[in-house]
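The following note sets out numbered points on the structure shown below. Please read each point with the model in view.

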Amino acid sequence: MILLDDGKNSPADQAGLEAEGAMANLPTTSLYRKRITELLRVGVSPREMYRAGQEDGCQPELVNLTDILFFLRDKRLGRMSVIQESNSHAIFKIYDCVCCELGTEHNCHYMAGFLAGALRVTGRPDTVKVREVSCGGGPGCDCVFEAHW
Ligand SMILES: [Zn+2]
């Protein structure tokens, strides 16, 4: 279940959002999507892809998991739901993962890195590592990521 109530939308807007799909009214691209496209074009290594995602995930405005969820949605990077969470791990499912959509050859390393950066900046230790445990492998698919710290 994706949490949509961020307090910014009126009930009418909220209903509209749900009716049209959560991403319908948002820009079709973002700085981050352009960066991923460029990295894929250049053909960087999985490690570099992860690192780029991690840099982009370290957004100072992110405070909690809900912020991460909205950031991913608003920047057209994917729709996140939290499957499990404890004080040492979390499992996320990303619907419409940007990496799969834009065509990644080495699974979704950018997204794994992004989640790692975002988890750090929202208070998890620097030891946090994220790996993709299941990749949808194409546009419109779901990917599952596991974080440990
Ligand atoms: Zn994937």
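1. In the protein, 59% of the contacts between residues at least 6 apart in sequence join residues at least 24 apart. Two residues are in contact if their C-beta atoms, placed from the backbone, lie within 7 Å.

2. Basis of the note. This is a predicted model, in which local features need pLDDT of at least 70, side-chain atom pairs count only at pLDDT 80 or more, and totals for chains, interfaces and linings use all residues. Residues are numbered from 1 along each chain as its sequence is written.

3. Overall content. The protein has six helices and four strands, and from the N terminus on its elements run α-α-α-α-β-β-α-α-β-β. Helices (H or I, at least four residues) and strands (E, at least two) are DSSP runs, numbered from the N terminus. Of the 149 residues, 32% count as buried. A residue is buried if 20 or more other C-beta atoms lie within 10 Å of its own, exposed if 12 or fewer, and partly exposed in between, with C-beta atoms placed from the backbone.

4. The sheet. In what order do the four strands of the open sheet lie? The order is S1-S2-S4-S3, with antiparallel pairing. Strand S1 (79–85) and strand S3 (129–134) stand at the edges with a single partner strand each, so one side of each is left without a neighbour in the sheet. Neighbouring strands of this sheet are turned by 25° against each other on average, direction ignored. Two strands pair if DSSP finds at least two bridges between them.

5. Pairing of S2. Six bridges join S1 to the antiparallel S2, and these two strands form a hairpin with three residues between them. Seven bridges join strand S2 (residues 89–95) to strand S4 (residues 142–148), and this pair also runs antiparallel. Two residues of S2 may be followed across the sheet. Ile-91 in S2 stands opposite Gln-84, and opposite Glu-146 in S4. Ala-90 in S2 stands opposite Glu-85, while its bridge partner in S4 is Ala-147.

6. The two faces of S2. Side chains alternate along S2: Ala-90, Phe-92 and Ile-94 point to one face and are buried.

7. Helix H6. Helix H6 (residues 109–121) has 13 residues, which at 1.5 Å a residue should span 18 Å; its end C-alpha atoms are 18 Å apart, which agrees. The expected span is 1.5 Å times one less than the number of residues in the helix. H6 lies across S2, S3 and S4 and runs at about 40° to S4. Axes are lines fitted to C-alpha atoms, for helices over the stretch in contact, and angles run from 0 to 180 degrees between N-to-C directions. H6 is mostly covered, with 11 of its 13 residues buried; Tyr-110, Phe-114 and Leu-119 are among them. Just after H6, Gly-123 takes a positive phi of about 110°.

8. His-109. Why does His-109 count as buried? His-109 has 26 other C-beta atoms within 10 Å. Leaving aside neighbours within four places in sequence, His-109 is in contact with Pro-46, Met-49, Tyr-50 and Gly-53. The C-alpha atoms of His-109 and Glu-48 are separated by 8.6 Å, although these residues are 61 residues apart along the chain.

9. Ala-118. Ala-118 also lies in helix H6 and is buried, with 27 other C-beta atoms within 10 Å. Apart from neighbours within four places in sequence, Ala-118 is in contact with Gly-57, Gln-59, Leu-62 and Ile-68. Val-63 is 55 residues from Ala-118 along the chain, and their C-alpha atoms are separated by 8.9 Å.

10. Helices H2 and H3. The axes of helix H2 (residues 31–42) and helix H3 (residues 46–57) come within 11 Å and cross at roughly 165°. H2 and H3 are therefore roughly antiparallel to each other. Angles under 35 degrees count as roughly parallel, over 145 as roughly antiparallel, 65 to 115 as roughly perpendicular and the rest as oblique. H2 passes H3 in a right-handed crossing. A crossing is left-handed if the near helix is turned anticlockwise from the far one by less than a right angle, and right-handed if clockwise. Tyr-32, Arg-35 and Leu-39 in H2 meet Met-49, Ala-52 and Asp-56 in H3.
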